[in-house]
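Please open the model in your viewer and keep the selection panel at hand. The stops below are meant to be taken in order.

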Amino acid sequence: MVDFLAENNLCGQAILRIVSCGNAIIAELLRLSEFIPGVFRLKDKADQQKYGDIIYDFSYFKGPETCEGKLEAKPELLDLDEEFRENNIEILTRFYLAFQSVHKYIVDLNRYLDDLNEGIYIQQTLETILLNEDGKQLLCEALYLYGVMLLVIDQKIEGEVRERMLVSYYRYSAARSSADSNLDDICKLLRSTGYSSQPGAKRPPNYPESYFSRVPISETYISMVIGRLRSDDIYNQVSAYPLPEHRSTALATQAAMLYVILYFDPSILHTQQAKMREIVDKYFPDNWVISIYMGITVNLAEAWEPYKAAKTALNYTLDLSNVKEQASRNAAVTERVHAQVQQFLKEGCLREELVLDNIPKLLNCLRDCNVAIRWLMLHTADTTCDPNNKRLRQIKDQILTDSRYNSRILFQLLLDTAQFEFILKEMFKQMLSEKQVKWENYKKEGSERMTELADVFSGVKPLTRVEKNENLQAWFREISKQIMSLNYDDSTAAGRKTVQLIQALEEVQEFHQLENNLQVCQFLADTRKFLHQMIRTINIKEEVLITMQIVGDLSYAWQLIDSFTSIMQDSIRVSPSMVTKLRATFLKLASALDLPLLRINQANSPDLLSVSQYYSGELVSYVRKVLQIIPESMFTSLLKIIKLQTHDIIEVPTRLDKDKLRDYAQLGPRYEVAKLTHAISIFTEGILMMKTTLVGIIKVDPKQLLEDGIRKELVKRVALALHRGLIFNPRAKIQDWQSIYQSTHIPIPKFTPVDESVTFIGRLCREILRITDPKITCYIDQMNTWYDIKTHQEVTSSRLFSEIQDTLGTFGLNGLDRLLCFMIVKELQNFLSMFQKNILRDRAVQDTLKALMSAVSPLKGIIANSNKVYSAAIAKTQKIWTAYLDSIMKVGQMQILRRQITNELNYSCRFDSKHLAAALENLNKAILADIEAHYQNPSLPYPKEDNTLLYEITAYLEAAGIHNPLNKIYITTKRLPYFPTVNFLFLISQFPKLQYNRNLGVVCKRPADQIDWLPLVLGLLTLLKQFHSRYTEQFLALIGQFIRSTMEQCTSQKIPEMPADVVGALMFLEDYVRYTKLPRKGSSQRTLPTPSICATKELT
């Protein structure tokens, strides 16, 4: 019969793929559960008030039109909804695909069962597969993994959160319009069960059986799987645990599967007492806390409370006398085996001969250790006992008392056992690799000894008092041949024959009176020794390693191990060399990866890398967490050294009186510094003693661990210092997992916000914006200085950015620049929303703009009675300009700040890194020249889309200040009707508030008007830059027409002076040309006649 898992066995491959997929889905659910956006929980009032109207649970489906209608009625909610969609659609899609794969999994399993019943797989039925060893394992695992998926979803992703995420995905994606979408079925499967993982939460009625029954599964299949699990040892684990008291540990994996699968047939739990008694007697006679998957633990005393038959059957196990007996027995075993293990771990004890002679004894010691550790860790864990449940609390107290439980002693046993296992495994691996070579050497040595003895009895070789004996000569030659004839490949026959040869050598010594000749006796003893070694060597089997791997399983502690973190860290603090033993413990914990990866590997699934990386990454993160105590301790010692050197140790002067030498010696503080310095070196040695280790599929380099740990602690302390130091007293959201700046290993710490800023850099930025607010300050560009608009006193200047550069460095200043960049983006997005709301949705404003466009067409002409036309349009749109001005000024203010930062970065780069600055400038010019040449001749090269050169060089240029913030495109925009006209009207509406000053340029007439000229100009310039250049041309043409029409009216009315509005317009054009670096000739031809340009020159 074809092997069930063979590649050409379609039936076996189909169920193997399903099981492989199940393990991958659980890993993805566990991974995603750490990235649930907090907003979907709606826990705090701020989130409820802000997002309560756009995040819905399944009640949305009762009236989606009503909910959407409420949103459309409020434009601000629509804007918030759109922003929320952009921020969360990526993670929502990932969650939906995970939920979809759970539903697809059970659909595929049901289809497979249907195919079996319909005879699609020839000669295969449910019964025949359950008779096959691999087949019954896979069929049991398939149902078990589905149950685990449902439990993991309910534990890690609460029902309300699931519903909100599914509804949000439905609203934001195209799933609602897709004909083949199975969103309805997914929603039915994953709707809220009412279960909460919070401590003390009440369990919903009929949970989880009603949850498990949402998708019907063949009752025959469930019944047969339960039958197999009840009767068989499907994984043949009992062979690894021959002692009867270890049977429940041997069957622990099967017990976890049975626990989950019984919920698919709850009638057994409720009413079938005989079956439940059989299950409890076989699987739970001495334990009631189990690990169901990767450390997820369940206390049966609590889980089976609602089920009459299960509860009754378990009562015998939970009887206090039985609890006392089990606790006392495990305490006695712990005490006995710990002494044994410590004895084995003594230097020079675990020699090869001792190991080979005592394999059964060593394995029994390992079994006892691991069984005792497992029982005590599971049954004393805080997470498995609800403190509100009196019975559970009583049982736990009984265990703690009778087992004389001490977490440090248990942890020490775990450490020693892991080290013992690790040494034994390494020895066996080495012995297995050298097995044949050593066996052949022993055979050769033994044969040569017999040949030499034969030569001795031939009389040819002289040996003291040995007479010639042809019979013995022939016999020893025959023995030599027999030894050489031993075959390594036939180990059974070779072992039997070797034993016979040893007996023969003992007999020949006895019957031929050879004891009298010490040299002959020595030859015979050496040969017997080599033959014994051959027997030992041939008995080194891989089965021993497999047994050690099974016995050493620590997957049940995947989550429980975290409760020992503080003990581990205390041990390292006291003795840094403890890291070597911890390495063995981490490797033992890595064996837990075998469980989810076995089937994925067998199926050759592409998910192998992803799942391996997730579990390995989790374990490496835990290793980092434990070992972080070393950098923390180092920095604590460093702080003490700094304090001693700064405050206690007096600096020794260059000249010193001899009698004052003792005072300056300060032996006490100097000894303390030396002691602390030595302690730091010991800590670093401790972590470096942990050799490079492969944890799962991730290589852990101790040097890298130490460097990352030091950087993490440094980041934490610097961030804390800046967080506490940069607190002022004035009156698009990126998730952590999306940020390229946030690191898992060296995270930027989060502190409780003291204002609206999340970090110190935000507070610094907002403080700078506050003190340079254009409503209260006036910026003079020639001086690079801000002055108070009322007192005319200097507020700040470009020196501020030099000081920030000195304090925070180039990276800090560049970070401030990037934050301003994002703030400009946000402000421009707010501006567009305001434009849509206040202008495009206002009928009266649109009619005014339409009438104005009719009046000013064509733009090259002159408007008759222009003052009346412009004044009427400004008066009708007056209400929109306040918000408009605020937005424009904010953008302009941030652009001024960005220009100042750019200048400081550029100056710093040219001064400190002149070669870098020159190289960047030349590279930038060369790339721009190549791009320009490509557009003139498309056959010339141009960077492709997948080429990161342009992105990378941009980052360097911005950090070196070799860019112009005013030329940057911050947002993508759509066509907006009347946009140039609105900006033109806005500009001329502000002219009455401004006046021209020969010394200062254009300034505000009255402080109460709260307007600053340059932020106004740069804000408008930035805004226009975001749109097509034809908008700018039209805008400039409107200003030109305004100047010409106003001047024409003045000429006709014989007014001698140029109107202030025209001066303002001319000054705007002058500044516009200056900051955009447009050619003056082209600009003047587009907008003004020659006399006006002359007038501008006279003014400036």
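The tour goes from a cavity to a helix and then to a sheet.

This is a predicted model, in which local features need pLDDT of at least 70 and side-chain atom pairs count only at pLDDT 80 or more, while totals for chains, interfaces and linings use all residues. Residues are numbered from 1 along each chain as its sequence is written, and side-chain values use heavy atoms, with hydrogens and water left out.

**Stop 1: the largest cavity.** Select Ser 248, Thr 249, Asn 287, Arg 374 and Trp 375, the closest to the cavity centre of its 19 lining residues. A cavity is a set of points, on a 1 Å grid over the protein atoms alone, where a 1.4 Å probe fits but cannot get out; lining residues have an atom within 4 Å of a point. Next, colour helix H19 (359–380), which gives the most to this lining, with five residues.

**Stop 2: helix H24.** Select residues 518–538: the 21 residues of H24 reach 30 Å from first C-alpha to last. Helices are DSSP runs of H or I with at least four residues, and strands are runs of E with at least two, numbered from the N terminus. Buried residues (under 20% relative accessible area, 1.4 Å probe, protein chains only) in H24 include Leu 524, Arg 528 and Phe 530.

Stop 3: Select 777–780 and 794–797, the edge strands E5 and E7. The open sheet has the order E5-E6-E7 with antiparallel pairing, where pairing takes at least two DSSP bridges between two strands.

Technical notes
The expected span of a helix is 1.5 Å times one less than its number of residues. Buried means under 20% relative accessible area, exposed over 50%, partly exposed in between (1.4 Å probe, protein chains only). On a 1 Å grid over the protein atoms alone, a cavity is a set of points where a 1.4 Å probe fits but cannot get out, and a pocket is an open set with protein on both sides within 12 Å along at least five of seven lines; lining residues have an atom within 4 Å of a point.
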